[in-house]
Each structure stands twice: as structure tokens, then as C-alpha cells.
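Work through the exercises below with the sequence and the structure open. Try each task before reading its solution.

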Amino acid sequence: MGILKNCAVALGALAIGATANAEPLKVGMITTLSGGGAGLGLDVRDGFMLAVKQAGSDMEVVIEDDQRKPDVAVQLADKMIQSEKVDVLTGIIWSNLAMAVVPSAVAQDKFYLSPNAGPSALAGKGCHKNYFNVAWQNDNLHEAAGAAANEAGYKSSFILAPNYPAGKDALTGYKRFFEGDVTDELYTKLGQTDYAAEIAQIRASGAENVYFFLPGGMGISFLKQYADSGVDIPVIGPAFSFDQGILQAVGPAALGVTNTSQWSKDIDNEANAAFVASFQEEYGRLPSLYASQGFDTANLLISAADKADVADQDAFRAALKEADFASVRGDFAFGPNHHPIQDIYVREVVQEGDVFTNKIIGVGLSDHADAYAAECKM
């Protein structure tokens, strides 16, 4: 039922507004469409393309699979910039790939809009006027989880994440807000699927709760093995480990688990309700966090293109900074380092009929900005 079957698509319609006589915006999307983590990239792609279709935009989108490999992502970015002549790059899921691609892309006067990865190195001293993150700064959801652990009364945590930039940002963010003791801080192999040794350490730790960041298939493996282990220490996680696609694979083992997210399908605003319904109609499944971020990224780009020609970089950058679009998250604004200022919710995993999903049970952090903006000198 998807609206995109191959690596490139152009959706035609009359341009409107201030850019009616400008060349159509050309976007290069490099994302993960195969192998481990492919579901995340597929959702970003599908959310993005749904917004383009709904807007009737003449934006041209060239889409390639990075295979979750930094060297492949760099080669694709070079091809898109030098041969395809794209105006904007987007799509990367993984922070190690973002670190390989983004600095070079913006140094070549291209805009990069991140629909997911938000490494701290690009939020602080490594910020750039042409880099915008439309999702979060990596630490943010983990900071809210630390606050939620305090609210739950936990005094000690066992924390673990993969050994790559987003994993390090994750545990840094959790520790920034968690007021209790960390009994163990463990970094696992990126892409790991066997967590028997880690679960044995958790069992012996004496911690009151477990906090883990294991996106994609890593989270599925950990949660299933943890449930089978009989360890009864409660877990908290960010949305990445309890997102819509993951929950269907994990099943009942995730019920009741608390997690944090800046988006949820039950956020009560008109844009979100329309997005959830239209995504289900288009693709036959509930949207994920990643789909919502792809959708918002496309709508941000469309809103900027309606106001300014990308050839006038100063005007286009100003139009992006305005964020004049109806975000599915509700209130949305960019901070001085072009990272979001937004609410981060606390959710609980529930079952609705045959579907495992999340419902909002509170607000973890309100109008939350990242910790690195003060280091950004644009």
C-alpha cells in the first residue's frame, strides 16, 4: 500500500506562494531500508512521502538505502550532492551515520534536516546554520526518563545502551536528571541480539529499576529475553525501545512499561488525529514515532519552500527557523542551535484489541530544550 516503490520519486503539482516561479526543491533522503533497523527508515520514508503527497508538493525526492553503514552513507551523500544536485539532505536514523555525513554536507552549502539522529556533537560546538534537527537532541527523551524514574521513587538504576554516539548521549541524559544512584553503567555492542550476560548482571545488581536504550531489533531481543528470564526489576525506556513496530514484535512482555516520547498517537490536536488516520489508511498500520518525525520534516520543508527559494539560502534558512507548520506534536519551536523546544510525555504500554500501543499518562518535561545550546555559536 506504500506510495513509494523505488529509490526516487517526483510528485507533481503547481507550486504556490512566494516560490511559484522557483525551481522545485530537490531532496536527497539517505535512510536505512534494509538489514537491522530497516523498519525505522521505512517509517521515516513513509511519513515523509505521505506529507509530500498530501500537500500536492512538486518537491522531488531521491531516496537511497544506507544499509546502516557509515561508508555507504558518505558515498551516497557525495553522489546526491555532486551528481544529483540536491538542495537538502535528510533521512539518517543512526547517530554514527549522521556524524559521518552531516558536517561534510553543510560544509558544501547544503541544508541538512534530521528526522531522527540528534548527536550532542552537532547540537553544541559542532552546530551549523544549515543543520536543523526536527526530532530531538539525543539526550532529551532520556532526560525525561530520569525525571520519570525520580517521580516513581526509584533510588537506584542499572543503565545500559549500545556503544555508539546516541547510546552515550542516552545514558548521559538519563544521569543528568536521575537523582538516585547508578549501580552499573553498561555499553553493549551495536546490533547485539543476545543479552544473557547483561541480564545476569542486572539480576545481581540490586538496582530498583533498569533503564535501557536499545532501538530497533536490539530492543525486541532484550525485552523478550528479559521477560523470559524471570527477573522482576521494573524497566523504563525511551520511545525508541517501545515504538509501534517494536511493540507488535515484543507483545505482552512490554505491557505496563513506562517510556518517554515527544510524540504519541493520542496527542490531542487536529494535525495529529488527521496524520494517524491518514497514515493508517495509506499504509495499513499505525504510525510510529519515526513516521511522525518524517511527516513533520516534510511539512517543515514544504512550509519553507512556500515562503522562500532555496537558492536564497538566508531567506530559506529563516523560513525553516520559523517552523510555520502544523506539527503533529502540537507546539513546536527551534532553539538557538536549531534543535526542538517541545514537551516530552510519559507513556505506558497498553493493549487495544489485538494491538499493543502506548497511551500518555503524563508530561515528563515541558517546553524542554537541550543542554548543549549554550555551546552553539552560529
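**Exercise 1. Is Lys85 buried or exposed, and where does Lys85 sit?**

Solution. Step 1: Lys85 has a relative accessibility of 56%. Step 2: the cut-offs are under 20% relative accessible area for buried, over 50% for exposed, and partly exposed in between, with a 1.4 Å probe and protein chains only. Lys85 therefore counts as exposed. Step 3: Lys85 lies in the loop between H2 and strand E4 (88-90). Helices (H or I, at least four residues) and strands (E, at least two) are DSSP runs, numbered from the N terminus. Step 4: phi of Lys85 is positive, about 60 degrees, although Lys85 is not a glycine. Most residues other than glycine have a negative phi.

The model is predicted, so local features need pLDDT of at least 70 and side-chain atom pairs count only at pLDDT 80 or more, while totals for chains, interfaces and linings use all residues. Residues are numbered from 1 along each chain as its sequence is written, and side-chain values use heavy atoms, with hydrogens and water left out.

**Exercise 2. Find the loop that holds Arg68, and classify the exposure of Arg68.**

Solution. Step 1: the loop runs between strand E3 (60-65) and helix H2 (70-82). Step 2: Arg68 is partly exposed, because its relative accessibility is 23%. Step 3: Arg68 is a residue other than glycine with a positive phi, near 60 degrees.

**Exercise 3. How do the axes of helices H1 and H10 cross?**

Solution. Step 1: H1 covers residues 38-55 and H10 covers residues 270-283. Their axes come within 11 Å and cross at roughly 100 degrees. Axes are lines fitted to C-alpha atoms, for helices over the stretch in contact, and angles run from 0 to 180 degrees between N-to-C directions. Step 2: H1 and H10 are therefore roughly perpendicular, a class that spans 65 to 115 degrees; under 35 is roughly parallel, over 145 roughly antiparallel, and the rest oblique. Step 3: the residues making the contact include Met49 and Leu50 of H1 and Phe275 and Phe279 of H10.

**Exercise 4. Describe the surroundings of Ser327, then those of Ala271.**

Solution. Step 1: Ser327 is in the loop between helix H12 (313-322) and strand E12 (333-334). Its relative accessibility is 4%, so Ser327 counts as buried. Step 2: beyond four places in sequence, Ser327 touches Asn269, Ala271, Asp296 and Phe332. Step 3: the side chains of Ser327 and Asp296 form a polar contact of 2.7 Å (a pair of N or O atoms within 3.5 Å; within protein, one must be able to donate a hydrogen and the other to accept it, and residues adjacent in sequence count only if both atoms are side-chain atoms). Step 4: Ala271 lies in helix H10. Apart from neighbours within four places, Ala271 is in contact with Ala326, Ser327 and Val328.

Notes
Contact = heavy atoms within 4.5 Å.
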